[in-house]
Amino acid sequence: MNYQSEREKRYNKIDSDSEKIIVDYMQKWINNGKVERDPFVQISKMIPHDPKKICHHWTNKLNPKLCLAKDVPITLHEKEYIFEWVENYLNSNNKPISWKLLQLKMKEKFGILRSRNDLKNVWNINKRKMIKRDNHVNIVSIPLFENYLAMNDYISYFLQPPSYQETTELVASDMILETFNYLNYFECISDSVIPL
């Protein structure tokens with residue numbers, strides 16, 4: 001039973017009443033000179049959420065100083081800075097990305113406090129695109145052979161039907177070229193396609 005209540009605490013969404021309590025408490029905490037060491041622990045005693053979740057909600061949604069991407073889209077210059085900063089960080093550190101540090105660097109450079117979630121989203125979208133691009137097989141990038149014999153061998157090796165395995169390579173090659181006429185196809189596209 002206790003486990004379920006802990007689980008509910010963790011996965012329950014923070015409602016608008018709880019958000020109001022967080023904002024009011026944090027405003028008082030800031031105005032009083034940030035005397036308490038961890039205000040999120042104190043807030044967790046008032047609402048049914050753990051300090052980590054409250055902190056995450058404050059730093060990514062409720063902080064009035066935040067400039068959220070849904071309100072002010074992230075510019076191309078900001079995105080380029082994020083990509084460059086994260087790559088440099090990963091190359092020079094053997095630890096997880098410090099989104100808090102990037103958030104502060106972005107504030108210094110652009111004068112805008114972006115949420116850590118927005119920074120993560122920009123990086124992760126870019127990362128997925130890079131992975132997709134690296135794994136993408138471009139059919140047009142098949143090497144174009146200058147030598148007819150090399151092309152002939154290439155086609156006969158890869159496109160030879162299984163039923164013709166017992167025939168000689170020369171006969172199979174001629175049959176494929178007659179049927180599909182790939183040589184003319186490659187001659188037509190050789191001027192317009194640049195192999196990658």
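Colleague: Why does cysteine 55 count as partly exposed?
Modeller: Cysteine 55 has a relative accessibility of 26%. Buried means under 20% relative accessible area, exposed means over 50%, and partly exposed is in between (1.4 Å probe, protein chains only). At 26%, cysteine 55 therefore counts as partly exposed. Please keep in mind that this is a predicted model, where local features need pLDDT of at least 70, side-chain atom pairs count only at pLDDT 80 or more, and totals for chains, interfaces and linings use all residues. Residues are numbered from 1 along each chain as its sequence is written, and side-chain values use heavy atoms, with hydrogens and water left out.

Colleague: And what makes cysteine 67 buried?
Modeller: Cysteine 67 has a relative accessible area of 16%, so it is classed as buried. Across the chain of 196 residues, buried residues make up 29%.

Colleague: How many disulfides does your rule give?
Modeller: The count comes to 0 disulfides, where a disulfide is a pair of cysteine sulfur atoms within 2.5 Å.

Colleague: What is the chain built from, in helices and strands?
Modeller: The chain has 10 helices and 0 strands. Both are DSSP runs numbered from the N terminus: helices are H or I with at least four residues, strands are E with at least two. Read from the N terminus on, the elements run α-α-α-α-α-α-α-α-α-α.

Colleague: Let's look at α4. Which residues in α4 are buried?
Modeller: In α4, the buried residues are Lys53, Ile54, His57, Trp58, Thr59, Asn60 and Leu62. Histidine 57, for instance, has a relative accessible area of 16% and is therefore buried, and threonine 59 is buried because its value is 14%.

Colleague: How do you know that histidine 57 and glutamate 19 make a polar contact?
Modeller: Their side chains are joined by a polar contact of 2.7 Å. Such a contact is a pair of N or O atoms within 3.5 Å; within protein, one must be able to donate a hydrogen and the other to accept it, and residues adjacent in sequence count only if both atoms are side-chain atoms.

Colleague: What makes aspartate 50 a cap for α4?
Modeller: A side-chain oxygen of aspartate 50 lies 3.1 Å from the backbone nitrogen of lysine 52, at the N-terminal end of α4.

Colleague: Why is proline 39 called buried?
Modeller: Proline 39 has a relative accessible area of 2%, so it is buried. This proline sits in helix α3. Proline 39 and isoleucine 54 are 15 residues apart in sequence, and their C-alpha atoms are 9.7 Å apart in space.

Colleague: How much space lies in the largest pocket?
Modeller: About 540 Å³. Among its 17 lining residues, those closest to its centre are Trp58, Thr59, Asn63, Gln103 and Arg116. Two or more lining residues come from each of α2 (16-31), α3 (39-44), α4 (51-62) and α6 (99-110), and α6 gives the most, with 4 residues. On a 1 Å grid over the protein atoms alone, a pocket is an open set of points where a 1.4 Å probe fits, with protein on both sides within 12 Å along at least five of seven lines; lining residues have an atom within 4 Å of a point. Grid points are joined across faces, edges and corners, and the volume is the space filled by probe spheres set on them.

Colleague: How do you know that the largest pocket lies between domain 1 and domain 2?
Modeller: Domain 1 (16-62) and domain 2 (67-138) both give residues to the lining, so the largest pocket lies between them. The domain bounds come from an automatic or database domain assignment.

Colleague: And why is asparagine 117 called partly exposed?
Modeller: Asparagine 117 has 26% relative accessibility, so it counts as partly exposed. This asparagine lies in helix α7 (residues 116-135). Its C-alpha atom is separated by 9.9 Å from that of glutamine 103, 14 residues away along the chain.
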